[in-house]
Amino acid sequence: PFNPTTTIGYSIADDVKNLQISIFDIRGRLVDRLHSGAKSRGEYEIIWNASHLSSGVYFVHMVANDFIFNKKIMLIK
């Protein structure tokens, strides 16, 4: 759980031409796009500010080449 910001850490093993990191709500609607584009290999952090959103469950969705990752996070105000 977080309120109202959270840090999303991730690592990239190889250079990626099109990395997509998005946030979706429980109904599957896109609420924020955190990154879209190329990224070199390495470790990264993104601070997501959700102060404009309601409490609830959200999903971090990451796509890098053939790799897809989803993580459930909960905003509690």
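## Basis of the values

The model is predicted: local features need pLDDT of at least 70, side-chain atom pairs count only at pLDDT 80 or more, and totals for chains, interfaces and linings use all residues. Residues are numbered from 1 along each chain as its sequence is written, and side-chain values use heavy atoms, with hydrogens and water left out.

## Strands and their pairing

Strands here are DSSP runs of E with at least two residues, numbered from the N terminus (helices would be runs of H or I with at least four residues). Two strands count as paired if DSSP finds at least two bridges between them. Strand β2 covers residues 16-25. It is joined to strand β3 (residues 30-39) by seven bridges, and the two run antiparallel. Strand β2 is also antiparallel to strand β5 (residues 56-64), again with seven bridges. F24 stands opposite L30 in β3, and its bridge partner in β5 is F59. The hairpin of β2 and β3 has four residues between the strands, and in it G28 takes a positive phi near 90°.

Eight bridges join β1 to β4, and these strands also run antiparallel. In this pairing, I8 stands opposite I46 in β4.

## Covered and uncovered residues

A residue is called buried under 20% relative accessible area, exposed over 50%, and partly exposed in between, with a 1.4 Å probe and protein chains only. Strand β2 is mostly covered, as seven of its ten residues are buried. In a regular strand the side chains alternate between the two faces of the sheet. In β1 the covered face holds T6, I8, Y10 and I12, whereas T5, T7, G9 and S11 make up the uncovered face.

## Aromatic pairs

A pair of aromatic rings is described by the distance of the centres and the angle of the planes. Rings of Phe, Tyr and Trp (its six-membered ring) pair if their centres lie within 6.5 Å; planes under 30 degrees apart count as stacked, over 60 as edge-to-face and the rest as tilted. The whole structure has four aromatic pairs. One of them is the tilted pair of F2 and W48, with 5.7 Å from centre to centre and 55° between the planes. F2 lies in the segment before β1 (5-12) and W48 in strand β4 (residues 42-49), so this pair ties together parts that are 46 residues apart in sequence. Both F2 and W48 are buried. Together with Y58, F2 and W48 form one aromatic cluster.

The ring centres of Y10 and Y44 are 5.6 Å apart and the planes are at 25°, so this pair is stacked. The pair links distant parts of the chain, with Y10 in strand β1 and Y44 in strand β4, 34 residues apart. Y10 counts as buried at 10% relative accessibility, whereas Y44 is partly exposed, with a relative accessible area of 24%. K39 lies over the face of Y44, at 4.3 Å from the ring centre. A charge sits over a ring if NZ of Lys or CZ of Arg is within 6 Å of the ring centre and within 35 degrees of the ring normal.

## The largest pocket

On a 1 Å grid over the protein atoms alone, a pocket is an open set of points where a 1.4 Å probe fits, with protein on both sides within 12 Å along at least five of seven lines; lining residues have an atom within 4 Å of a point. The largest pocket holds about 180 Å³ of space; grid points are joined across faces, edges and corners, and the volume is the space filled by probe spheres set on the points.

The lining includes F2, I21, V60, F69 and K71. The elements that give two or more residues to it are β1, β5 and β6 (67-75), and β1 gives the most, with five residues. The lining divides into eight nonpolar residues, three polar and one charged. Ala, Val, Leu, Ile, Met, Phe, Trp, Tyr, Cys and Pro count as nonpolar, Asp, Glu, Lys and Arg as charged, and the others, Gly among them, as polar.

## Local backbone features

Most residues other than glycine have a negative phi, and most peptide bonds are trans. The peptide bond from N3 to P4 is cis, with omega near -20°, and P4 is found in the segment before β1. N65, in the loop between β5 and β6, has a positive phi near 55°. N65 is exposed, with a relative accessible area of 53%.
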